[in-house]
Amino acid sequence: MARVAPSAPQIIATKGIGPGFVPFTIVLTIINVAIALAVIYLPLNFLLPQESNPASDSAVGIDALFKFMTVFGSAITIYVSGYTAYFAWVFRRRPDEAINTVGVPIHDAPKLEFWWTLLPTVLLVVLMAFTIVVWKQINFPTSAAALTMEVVAHQFNFEFRYPGLSGSLYSPQGEMHLPAGKPIKILISSGDVIHQFWVPEFRLKAAAVPGLVTELNVTPTHNGRYDIVCSEYCGVNHSIMQAQLVVEPPDKFDAWLSHERVAVAATAGQVQLAGGDAGAGKTTFTAKCSACHNAAGSYDQKIVGPGLNHLTDDPAHPKLVNGDDPSPENIAMLLVKGYQGPIGVMPNRQANGLSDADIANLVAYLISLK
Amino acid sequence: MAVESTFGQPSPLLERAAVEARYHNVDALYEETRDMRLFGFILFLLADCVLFSSFIFAYLFLRASAPTWPPVVNGTQIGRLDVAFGALNSIVLFGSGVTMHFALESWKNLKTRAFNVWIVTTTLLGIAFLLGQAHEYTSAPAGLTWSGNAFGATYFTLTGLHGFHVFAGVCYLIVLTIQANRGVYTGSKYFGLTAGTLYWHFVDVIWVLLFVLFYLW
Amino acid sequence: MSVTAHPIDLHEAHDHIHPAPQGFIAKYVFSIDHKVIAMQYFVTGLLFMLVGGSFAELIRLQLWNPKGTFMEYHTYNQMFTMHGTVMVWLVLIPLVTGSLGNLIMPLQIGARDVAFPWLNMLSFWLIPVSGLILFSSFFVGAPSSGWTEYPPISIQQGPGGALWSLSIIVVGISSTLTGLNFIVTIFKMRAPGMTWTRMPLFTWATFSTAILNLFATVALSAALLALFFAQVFDVPFFDAARGGSPLLYEHMFWFYSHPAVYIFILPAFGVISEILPTFARKTIFGYKMIAFSSLAIAVLGFTVWAHHMFPSGIAPWLQIPFMVLTYLIGIPTGIKIFSWMATLWGGRIQFTTPMLYATAFIGTFSFGGITGIYLACVPVDLHEHGSYFVVGHFHYVVAGGAVAAFFAGLYYWFPKATGRLLNERLGKLGFWLFFIGLTGTFLPMHWLGLEGMPRRYASYETFAKAFPDAVFWNRFESVFSFFMVASVGLIAFNIFTAIRSGRKAGNNPWGARTLEWMISSPPPYYNFKKIPIVLDRPYDFTAPLPYLNLDEEPDPYPVPSEAVLERPRVAVPVGA
């Protein structure tokens with residue numbers, strides 16, 4: 001092909017915005033209105049967790065925000081994608097078109113640019129206001145908490161502590177119960193690494209951070225059984241770190257709590273210490289306690305918790321950390337119940353997986369550290 | 001250099017360079033690369049500022065969330081750092097900044113002997129500062145260890161990072177002294193010395209911050 | 001054409017042509033030529049993409065079964081950690097900034113190389129070093145705490161964590177040096193007459209990215225240095241028992257890692273801004289707004305990091321300013337999207353492969369950006385954080401955004417780098433596979449996340465009990481992920497065959513107007529024998545080319561070549 005002499009470009013003009021623009025816009029708008037109506041008026045069961053959906057007072061506001069964003073977000077997506085596809089089709093190069101055709105040489109359009117900057121800004125400001133309203137409602141509950149409880153996350157289970165309960169409940173055997181319709185303050189922390197406490201039907205989660213106490217305020221609104229899932233990677237068994245949450249009417253909750261108080265207290269003082277073997281206790285100690293406690297070191301030689309040499313006969317520390325005398329029974333009680341210290345949490349028997357025999361052996365070993 | 005230009009205007013840079021070349025032996029080619037290298041070096045120092053700022057942020061964050069400061073370890077509160085010694089060491093370092101300034105000025109005025117005296121003094125003062133820091137580290141208050149607590153973690157990391165920068169600076173000063181005396185730099189081409197001076201002042205400014213944050217506050 | 005009387009700054013220094021490199025090592029291994037370095041970044045990035053992509057496919061195979069029996073949990077945790085780490089630091093940064101930025105930016109500004117070519121070479125070689133350190137961790141147990149590696153778990157996990165920290169510090173140094181290099185290059189080495197507002201938009205994007213590369217990456221090095229000290233020397237920055245705080249790491253880490261995502265996407269925006277005018281045959285709409293919005297996004301990008309930490313234990317009042325600033329970043333982004341759409345309007349669009357990718361980008365990136373607004377909304381984020389909604393969001397903006405734009409740039413500039421055209425049919429097939437795969441893999445993730453599926457789960461049995469459709473959708477996603485594998489495989493095949501037997505491209509196959517298309521394909525090692533003079537912005541297709549002093553005199557009105565159009569040229573004179 002002979003080299004063709006260069007020629008000036010041919011501008012192909014366009015009448016209006018494009019052929020069929022108005023009908024196309026009408027179609028897009030109808031679709032967006034239909035989506036908006038569906039989002040606003042249909043229950044979102046297909047989109048959000050199905051069990052008693054939503055199940056907390058905060059969830060109502062969160063779902064409303066979600067719907068608001070979906071109405072506008074899907075409209076923007078549909079208009080942007082739709083018009084992009086429209087322009088791509090209408091302004092495609094025709095097969096027989098001359099090679100030197102060029103498009104409309106428009107550099108800017110100040111009025112259009114003004115509106116397409118202002119309108120999204122206004123929308124975002126409205127969204128900010130709506131967000132702050134819901135945020136305030138979640139973070140600053142209007143009524144004082146009827147119940148304050150604690151959740152401590154561990155690798156790889158959840159520990160639930162209730163007022164008046166001398167011990168804790170541990171998942172998976174133990175469940176977390178909450179009374180429906182009452183404002184609840186849940187104080188959350190961790191015994192080891194960062195975890196996260198999430199109940200999807202509540203639409204709420206909070207991190208469990210070692211050394212920090214985070215707060216979740218919620219009023220459960222629907223009775224039912226929910227999953228608590230850990231949603232911050234916490235180690236090898238992160239994917240199987242779940243627990244059960246039961247929301248029930250307040251009277252049933254009170255009955256459950258009283259029952260648990262009795263049950264936990266009953267298990268506390270029943271460990272038989274006779275026949276404990278110090279040798280076996282040493283093995284158990286190495287496996288379960290040496291990460292935090294130094295058996296050969298004095299009290300001040302801390303790893304995390306105090307050193308345990310001379311546990312029963314250290315003149316500088318004549319009592320156990322909880323103020324009790326260092327008798328075998330009191331040592332056993334500490335192992336059963338665990339201890340919340342200033343810098344960390346010593347897990348109780350369930351968290352450590354200590355059987356009665358383990359506790360007897362450990363006590364025998366610990367009192368031998370003289 | 002011939003360029004077909006419809007503008008026909010000479011470059012102001014070339015014009016000035018031509019004038020200066022008659023009086024100060026300025027090399028236009030050198031001027032442009034020096035310009036780039038200076039800009040690059042300043043950007044490097046700004047990035048280094050971000051490095052220190054990140055660790056200073058860490059210190060401020062941990063200090064703000066600590067119940068007491070200095071922290072309590074095993075029942076006893078860690079003692080404060082020795083302000084007097086720290087101030088003395090600071091004076092040594094700031095003094096070295098002054099001597100470095102004089103070193104560069106001497107070089108610009110082609111006073112080679114004075115330059116050598118000033119830059120060697122700077123180097124020795126820098127080494128004295130490092131020795132002072134070593135003394136600080138070995139006689140730190142009880143309980144102040146790198147892995148002991150947040151105070152030790154931030155103090156040793158920040159001052160250690162700074163000390164590493166001083167050490168690198170001392171090495172650079174030695175190299176510069178050798179290069180200058182070998183004739184690599186001339187009265188009009190001495191970018192390495194400019195960079196070294198800037199770096200040394202940077203190290204001084206960072207120390208001001210660290211001294212205030214750890215010793216005085 | 002506007003002729004302004006700027007005095008021309010004749011850069012003597014850059015008029016100097018150094019002698020050609022001699023020998024294989026100097027030419028291809030330890031080269032200081034920005035174009036060779038760009039090729040090295042490209043090959044390395046592509047290799048790591050294959051590795052990172054393989055890890056992703058292992059993830060998708062594991063998630064076929066809710067019990068997660070394909071791999072042990074510990075292995076799976078290493079897979080998602082290494083997938084994220086490799087893709088973020090060994091693929092996206094080398095490919096988008098390192099290869100495209102290095103190849104094209106100096107050509108676009110009419111320079112012979114970057115400001116500090118030796119530093120550029122060092123920047124590249126740090127990438128394989130970093131990869132070596134990272135992959136050596138497989139011998140001691142690869143890191144397994146996610147690409148974010150939060151302490152305390154990242155300290156607890158074993159020696160792999162320390163190797164991870166070290167390797168990313170190394171890649172961070174590479175990034176920082178590149179940022180420094182590019183900033184000085186763009187400030188000081190532009191051709192005479194190329195004022196800031198005559199710079200091509202890809203160069204504007206590269207400049208904005210370089211600011212982030214220089215200043216943000218150092219913050220990452222600090223965070224990871226602290227983590228390294230914690231992992232190896234037990235320094236308690238993040239140990240609550242000794243006065244440290246795990247939250248401190250999150251602040252230090254995200255202060256870099258949020259600007260990092262703008263490091264991925266700003267050059268991508270630049271690529272789109274180059275491709276749309278060329279194939280629509282009309283000027284970019286809103287040049288100044290697009291240029292300045294890149295800077296605005298770079299600067300604002302530093303202020304929003306804690307939106308990754310809303311439920312992490314930060315004080316509630318802190319959530320509000322970060323929410324507000326994150327929303328506001330949507331505005332310059334929206335301006336770009338509308339400007340691109342206005343660039344398409346009224347054009348004469350030819351849908352070559354790069355144009356297909358660029359146009360689809362507008363849709364996928366908008367969608368990803370909107371889901372980002374959901375996540376920025378604090379109350380909604382309390383539900384969506386840590387779920388598959390986040391995974392869907394960031395894969396849309398990263399895979400459907402940065403990677404798609406990279407492929408657009410690859411198809412667009414491959415002819416310039418190699419002198420050969422890639423096969424259009426294969427390219428188009430790859431395009432459809434990629435976007436169908438993208439949609440099938442990542443769209444359902446939003447729904448799964450809303451329904452309550454947490455991320456980083458090796459097995460999702462509990463979730464599948466509550467939501468039985470989860471099994472179907474996870475399998476659906478796994479199937480479609482292989483479409484993307486096929487697409488990347490096609491691209492690799494296309495590259496291999498094109499290099500050997502692709503059609504010759506010539507200087508300017510697309511009929512584009514920026515300076516890189518004024519020289520030969522591939523360019524000579526010195527790029528420009530004579531430094532060109534720039535008289536105006538490049539994008540006005542109704543004006544002749546605004547350059548003087550070019551090595552070869554091109555057509556003043558460039559048009560796509562025959563090879564591209566696959567039909568003979570017919571130039572119809574004006575008035576005929």
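## Interface between chain C and chain A

In this predicted model, 102 residues of chain C are in contact with 100 residues of chain A. The area buried between chain C and chain A amounts to about 8400 Å², and carbon and sulfur atoms give 69% of that area. On the side of chain C, the residues that lose the most area to chain A are F285(C), W345(C) and R348(C), which together account for 10% of what that side buries.

## Polar and charged pairs across the interface

The rule finds 1 salt bridge across the interface of chain C and chain A. In a salt bridge, the side chain of R348(C) meets that of E97(A), at 2.7 Å from N to O. R348(C) is also among the residues of chain C that lose the most area to chain A.

Helix α10 (residues 316-344) of chain C gives the most to the side of chain C that touches chain A, contributing 16 residues. By class, that side of chain C comprises 62 nonpolar, 26 polar and 14 charged residues.

## Cysteines

A disulfide is a covalent bond between the sulfur atoms of two cysteines.

Are C234(A) and C377(C) buried or exposed? C234(A) has a relative accessible area of 0% and is therefore buried. C377(C) is likewise buried, with a relative accessible area of 0%.

## The setting of S137(C)

S137(C) belongs to helix α4 (residues 117-140) of chain C. Its relative accessibility is 0%, so S137(C) counts as buried.

Which backbone oxygen lies 2.5 Å from a polar atom of the side chain of S137(C)? The backbone oxygen in question is that of L134(C). Leaving aside residues up to four places away in sequence, S137(C) touches M82(C), A142(C), P143(C), G160(C) and L163(C).

Terms used: Residues numbered from 1 in each chain as written. Chains lettered and ligands numbered in written order. Predicted model: local features only at pLDDT ≥ 70, side-chain atom pairs only at ≥ 80, totals over all residues. Heavy atoms only, no water. Contact = heavy atoms within 4.5 Å. Buried area = accessible area lost by both parts, 1.4 Å probe. Salt bridge = Lys/Arg side-chain N within 4 Å of Asp/Glu carboxyl O. Helix = DSSP H or I, 4+ residues; strand = E, 2+ residues; numbered from the N terminus. Nonpolar A, V, L, I, M, F, W, Y, C, P; charged D, E, K, R; others polar. Buried < 20%, exposed > 50% of the residue type's maximum accessible area, 1.4 Å probe, protein only. Polar contact = N/O pair within 3.5 Å; in protein donor to acceptor, adjacent residues only side chain to side chain.
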